[in-house]
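Biologist: I would like to go through this model step by step. Please show the sequence and the structure before we start.

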Amino acid sequence: MTAARHSRAGRYGVAIISVGCAMLLKLDFGPWLGEESPFLLLFAAVTIAAWYGGLGPAVLATLLATLGTDYFFLHPVHRFLDLDHSSSVRLLIFLIEALTLSAFSAALQRARERAEIEAAEQRRSRELFRNTFELAGVGIARVAPDGHFLQVNQRLCDILGYQNEELLLHSFQSITYPEDLPLDIDAQQRMLAGKAKRYAAEKRYFRKDGTVVWADLAVSLVREPGRPDYFITVIADITDRKQSEEKIRLLNESLEHRVEERTEELREANAELRAFTYSIAHDLRAPLTSMQGLAQALMDDYGEAMEPMAREYTKRIIRATARMDTMTQDLLGYSQLYRSELRLEPVSLESVVDEVLAGIAPNIAARRAQVRVERPLPAVIGHVATLQQIIANLISNGVKFVDSATCPVIVIRAENGGDAVRLWVEDNGIGIAPEYHERIFGVFERLHGVAEYPGSGIGLAIVRRGAERLGGTAGVISSPGQGSRFWIDFSIHS
Amino acid sequence: MQNQILLIEDDPDHVLLVERALRKVRLSNPIRVMKDGEEAQACLAGLARDSAPLPMLILLDLKLPRLSGIELLRWIRSEEAIAKLPVAILTSSKENEDLHRAFDLGVDFYLIKPAAFDTVLDLLMVLDLPWSFAPSGKEMPGEGS
């Protein structure tokens, strides 16, 4: 029972009532108690007030008792503070004794209250510790400086697969995975030597059943003054996470392996393509060169002696070999678009178009063609040589595929569309039926006989593939008799 | 070997056409033909070792058995005694890669067949070499030299 638990009114009320009761008893039983001990019951009342209410009520009880005694019991009675010498002394002694009693009693009371509070707090803190220790989601242990387990919680027992008593027979050294032990022991030594306060690591333990469990470990050392006392060890089971990590690592490894395989395949394919084109450039062209050279020699050296028909045959051989020569060259040019690395950079379309026009000026003049460039043309991301090839092919196409009665008119213009630029090369030629719009971009695709419109059938394949190598694409809008409008899309940012 | 032209070419048709071209302009310098790169290398190495007269000009095909024209050219340019010999590549390939590699190795001419069969001498005349010509007379087409 503590003073703090009672209301103020209650505490003072008890003081007043206990003094009142003592007075009444004294008045009623005065004759039996005698004049000589007027204060005995009042001491009891003050003691009750102090015990129940603390210092304040005890002082009040003392004052009331003093006044009451003065009024009712000391001569002359029924008068306040009009006492003879002896009564005054007795009253003063009572006052001092009662106050001293009140003070001691109150001090005792406070000490007892403090002790009770402390005991309750200790109880709570012990409970808190036990709850934390036992109900924590992680394994917790107190470990002796030599590594033996002193106290372990249920979660730790679950993680390691031991009963509580079994685990207390072990040390961390005896259940740690051998590879991970040196680091642990090193950390233990450093902490004991005072060189480290804490230690954290991911490590492996052997469970009782021999399986391996991955743990996230955190250790702190608790010191008594002057010497290490015990380690507090917290262990979380991270086996699932480790297994996931291992799975991801294996996946990455196999992915890397697959990428390497694919890269190797591509390298091989590329090397084969190189060997193939080298073979075309050298081996395939060698006999062709012989045919061209020998046919020309025949014509030069014996042409005059030959009959007209023999001369005509020889001329046709020369033309055929020339065509084959063009085709092999164009094919090599097309394969170049697969083989070579293109470094893309900002290129002015206008200067590329101007250079191309200067290069094919004789061809344009021979066909009496007009080429109109709608300036200015923007800059795009591209590769000069490839762009020249694409644009030259489109202009040559426009100049070539025209009715013999028509003068070719080519318009070159650009259309800005946000991040992209579309370059148009439009002609007034014979046009292309919609069903052929895709086919014309294939290699060796031809819509007309060689005699009508000579060529290798590779020009537009180079346009499409070239545009793709520059990160864009190419297409056509056309119908027979309406001319053709070829377009290429470029990006303007790399 | 003095005043000699060394033609390194494995295709007999091409040998025939080169010989015809030289004959047409009545060039009388002796022509020696080697059919692969190794043979040519051994021949040149022997001449250099004996301090014998070297050919005045090398006509070199790129695609050769055993040792390619590019490899032979690299070797020639690395041998002090013969490094300065004029070399003209005579090839069917217009590939940029071939052309660049040849010029990187210090070739003097890069001629493309078949046009080169007719123009080879016109072009090579710019070289200050001891050319010699047969006296003019009726040409004998088709006859070997």
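This is a predicted model: local features need pLDDT of at least 70, side-chain atom pairs count only at pLDDT 80 or more; totals for chains, interfaces and linings use all residues.

Biologist: What area is buried between chain B and chain A?

Modeller: Carbon and sulfur atoms give 49% of the area buried between chain B and chain A. The buried area itself is about 1800 Å².

Biologist: How many salt bridges does the rule find across the interface of chain B and chain A?

Modeller: Side chains of opposite charge can pair when their charged atoms come close. One salt bridge is formed by A:Asp300 with B:Arg20, whose closest N and O atoms are 3.9 Å apart. The cut-off is 4 Å, so this pair counts. Across the interface of chain B and chain A, the rule finds five.

Biologist: What is the volume of the largest cavity?

Modeller: Rolling a probe the size of a water molecule over the atoms shows where empty space is left. A search of the whole structure finds one cavity of 30 Å³ or more. The volume of the largest cavity is about 150 Å³.

Biologist: Which element gives the most to the lining of the largest cavity?

Modeller: The largest cavity is lined by 14 residues, and those nearest its centre include A:Phe172 and A:Tyr199. Helix H8 (181-192), strand S3 (198-206), strand S4 (212-224) and strand S5 (227-237) of chain A each give two or more residues to this lining. By class, the lining has 10 nonpolar, two polar and two charged residues. With four residues, the element that gives the most is H8(A).

Biologist: Why does the salt bridge of A:Arg204 and A:Asp180 tie together separate parts of the sequence, and how far apart are they?

Modeller: The side chains of A:Arg204 and A:Asp180 meet at 3.0 Å, N to O. A:Arg204 lies in strand S3 of chain A, while A:Asp180 is in the loop between helix H7 (172-175) and H8 of chain A, so the pair joins parts whose separation in sequence is 24 residues.

Biologist: Which element supplies the largest share of the lining of the largest pocket?

Modeller: The largest pocket has a volume of about 790 Å³. It is lined by 42 residues, and among the closest to its centre are A:Asn397 and A:Lys400. By class, this lining has 17 nonpolar, 18 polar and seven charged residues. The largest share, eight residues, comes from H13(A).

Biologist: Which residue of chain B lies among those nearest the centre of the second largest pocket?

Modeller: About 350 Å³ of space lies in the second largest pocket. H10(A) gives the most to its lining, with five residues. Among the residues nearest its centre are A:Gly333 and A:Gln336 from chain A, and from chain B there is B:Asn96.

Biologist: What is omega for the cis peptide bond that joins A:Arg375 and A:Pro376?

Modeller: A:Pro376 lies in the loop between strand S7 (370-373) and strand S8 (379-382) of chain A. For the cis bond from A:Arg375 to A:Pro376, omega is about -5°.

Biologist: Where is B:Arg26, and what is its phi?

Modeller: B:Arg26 is in the loop between H1 and strand S2 (31-34) of chain B. Its phi is positive, in a residue other than glycine. The value of phi for B:Arg26 is near 65°.

Notes. Residues are numbered from 1 along each chain as its sequence is written. Chains are lettered from A and ligands numbered from 1 in the order in which they are written. Side-chain values use heavy atoms; hydrogens and water are left out. Buried area is the accessible area (1.4 Å probe) that two parts lose on being put together, summed over both. On a 1 Å grid over the protein atoms alone, a cavity is a set of points where a 1.4 Å probe fits but cannot get out, and a pocket is an open set with protein on both sides within 12 Å along at least five of seven lines; lining residues have an atom within 4 Å of a point. Grid points are joined across faces, edges and corners, and a volume is the space filled by probe spheres set on the points. Ala, Val, Leu, Ile, Met, Phe, Trp, Tyr, Cys and Pro count as nonpolar, Asp, Glu, Lys and Arg as charged, and the others, Gly among them, as polar.
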